[in-house]
Amino acid sequence: MVPNVSIIINTYNRAKSLARTLESLSWLRYEKFEVVVVNGPSSDDTAAVLDTYADRIKIGSCPEANLSMSRNVGLAMASGEIVAYLDDDAIPEPDWLNALSAFYADPRVGCVAGYIRDHTGYSFQCKVTVCDRFGDAEGYDNVEAALASGAVMHGPGSARYLSPTGANSSFRRRALVGIGGFDEVFAYFLDETDVALRLIDAGWKVAYQPAAEVHHKFASSHLRDANRIPTSIHVPARSKAYFVIRHAANAFGLGKAVDYLADYRIARRQDKRWLANNGLIDADQHAKLVREIASGTESGVAEAFMWPNGRLAEPGCEEERTFKPFPILLPKDERLRICFISQDYPPGPVGGIAVWTHTLATALAALGHEVSVVARTKEHPRVDLEHGVWVHRIPQRHHPERTLPGLPDLPPLIADWCFSAFDEVQRIRARRSLDIVSAPIWDVEGAACLADGTLTTVTSLHSTYQLVLPSKKMWLNDENYRRLHVNKLIAAEVWMLERSSLILGNSHAIVRDIEQAYGLTVDPERLRIVPHGLVPEKPAVAPVKSGSRILYVGRFETRKGVDVLAKAIPLVMATHPEAHFVLVGDPNVDEDGRGPTYLGLVRHVVDRYPGRVEMLGAVSRETLIEEYARADIFVAPSRYESFGLIFLEAMMHGVACVGTNVGGIPEVVEHEVTGLLVPSEDPAALAAALSRLIADPTLRGRLGDAGYAAVTSMFTAKQMAEAVEDAFESALEGCAPQYSQRLLATAGGRR
């Protein structure tokens with residue numbers, strides 16, 4: 001029978017990290033758990049965070065900044081057979097409780113600890129900890145290594161023993177209550193070590209479960225800053241001295257315990273001198289810490305004689321402990337375990353593929369699925385839970401001699417990312433298990449996963465090398481680059497289209513255009529059309545509309561038609577000098593190997609109309625949302641778009657749109673209904689459409705209102721996620737019919 005588990009979170013002035021920890025619990029796989037949060041005495045926004053969970057959790061309070069006291073309050077409120085303590089800056093893996101609870105099948109086990117990853121989410125902060133009766137700890141990679149070294153002794157009176165770390169520790173409630181709970185003299189530090197030792201002396205076993213992982217993100221506290229530099233050491237020093245007198249003096253004699261504490265004070269003063277010498281603390285802080293080393297150890301010795309049996313608290317009565325199940329989003333057997341690959345991923349300025357991946361991944365997680373993303377970073381690898389999505393940011397590694405999985409003939413840098421992403425997908429698969437992996441056709445990012453053949457692999461359609469080739473001057477003019485890079489990727493795109501388990505198209509146009517460009521027919525049994533969807537985003541402050549503010553969003557490249565816009569602006573200004581153009585996007589796009597292609601052209605227009613044409617460059621997401629909200633008209637004269645996500649983003653803010661009648665844009669912007677469409681390559685037609693909207697506020701309002709209605713009724717993130725969910729399930733069943741019935745409805749829930 002699966003035991004009930006009470007997760008106890010003790011929090012103090014960590015509202016932000018607490019919110020993230022509580023959010024993460026919605027994806028735990030365990031069947032029967034409750035959550036107890038003990039607050040106090042917090043002075044930040046913790047109470048507000050807890051209010052949002054009031055119907056789902058038990059909320060207690062602690063009158064002092066005393067971790068052991070807070071742990072005892074939680075213990076008194078808990079009704080689970082197992083109590084699992086989780087730090088308020090820690091994120092558990094989905095199978096955390098399943099792994100912990102399995103070890104309690106042994107009735108002799110009173111405590112089970114798990115492994116803890118550090119703030120990177122990639123490396124380990126600690127695995128197995130062995131302590132002695134002085135409270136000194138030593139780390140090992142696993143229990144077997146500790147046993148082989150002779151470091152661990154078993155049974156009451158053991159000099160060295162397995163000890164949990166507070167961020168990831170659990171106890172059989174009956175065992176913990178039986179020894180009196182936590183000793184409240186340990187306001188912070190060595191509290192769980194003391195409990196482990198008392199459990200062992202009472203005849204209980206302490207065990208380690210490697211599969212029970214948490215990610216310790218480490219937030220600052222009242223005792224140390226975000227860099228783990230101590231701001232006060234009185235309480236830890238007191239706990240250390242108290243522990244030594246309580247446990248070492250009884251085992252080895254008071255004289256040895258006193259000698260140990262003298263050496264301890266010397267060592268801690270040396271530590272603080274090192275911090276001062278390296279500029280990590282100033283002179284005043286150094287002096288304060290040195291004083292607290294002395295005052296803390298003196299206080300700890302005094303407390304040990306004052307409380308020879310410990311300052312224990314009796315947990316509350318049975319009738320106070322009613323089990324309160326925590327509602328998870330989706331039962332584990334109904335979840336998909338999905339991994340997306342996307343070189344770029346928010347935050348920061350990113351392209352359409354990254355925005356789509358982020359929106360879809362977040363929306364699928366909100367439905368209750370377990371979603372991971374593999375993205376690229378130039379820094380050290382890092383894993384974080386972001387809006388319910390496990391985001392793995394990894395550096396691209398070089399694989400010069402690698403042959404497996406067997407990729408098609410790819411340029412080395414492309415192959416390097418395919419291999420790097422595949423390796424991380426396999427690491428995720430080994431840790432969390434995966435059902436399906438999805439990657440964009442651009443740069444064939446999922447090629448290694450597809451070549452491996454052991455995972456259902458989805459290719460999402462976006463602009464391809466073949467489709468953008470006509471707008472890339474360098475590709476057309478540089479024969480070697482085209483032969484060694486472009487042509488190889490075009491061939492690899494065909495390879496992906498022929499082999500993918502599922503092809504996910506964002507528009508009918510992208511499928512039609514790919515079929516025409518490559519001379520092939522996409523198998524309808526492996527095809528789904530799912531339009532992009534959006535999550536509403538509002539600016540921090542409601543904007544004031546001017547009536548003539550025109551926004552462009554896109555890179556300054558040929559495909560985006562920024563040169564056409566630059567030629568249309570003077571035509572608009574000739575009849576509407578009040579017009580104000582704002583150009584957002586990377587202007588430093590190098591298409592021909594000789595520097596930015598259209599930067600000079602656009603700057604000429606900016607200089608010609610100072611104050612009326614602004615070039616903002618790449619901006620943050622927050623700034624972009626503000627610009628959408630301030631705009632009266634949105635324009636994007638693209639030569640090709642597979643879908644046109646930027647139009648949806650503008651429509652979400654009720655902005656009338658002007659686009660071109662190419663690619664997937666007509667499936668997003670309906671001419672004369674939600675916007676105006678003009679031929680590509682036509683500055684005069686573009687200027688005429690813009691001038692028409694400037695002169696007709698009624699038309700602007702009608703198109704903007706219709707666009708907003710279209711987005712909110714047909715292009716929501718939830719609708720997109722539900723349609724993709726259905727497509728993924730069909731792919732896993734070996735069938736992916738072309739059109740989802742879900743796509744025909746404007747709303748709907750999981751089957």
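Is Leu254 buried, partly exposed or exposed, and why? Leu254 counts as partly exposed because its relative accessibility is 43%; here buried means under 20% relative accessible area, exposed over 50%, and partly exposed in between (1.4 Å probe, protein chains only).

Before we go on, this is a predicted model, where local features need pLDDT of at least 70, side-chain atom pairs count only at pLDDT 80 or more, and totals for chains, interfaces and linings use all residues. Residues are numbered from 1 along each chain as its sequence is written, and side-chain values use heavy atoms, leaving out hydrogens and water.

Let's zoom out. The C-alpha trace of the protein spans about 95 × 55 × 55 Å along its principal axes. You'll find 25 helices and 26 strands in the protein; these are DSSP runs numbered from the N terminus, with helices (H or I) of at least four residues and strands (E) of at least two. Of the 751 residues, 59% are buried.

Now back to Leu254, which sits in helix 9 (residues 254-277).

Next stop: Asn661. This residue lies in the loop between strand 25 (656-660) and strand 26 (675-678). With 52% relative accessibility, Asn661 counts as exposed. Skip its neighbours within four places in sequence, and Asn661 is in contact (heavy atoms within 4.5 Å) with Pro666, Leu677 and Val678. Thr357 is 304 residues away from Asn661 in sequence, and their C-alpha atoms are 25 Å apart in space.

Contacts also tell you about the whole protein: among those with a separation of 6 or more, 73% link residues 24 or more positions apart.
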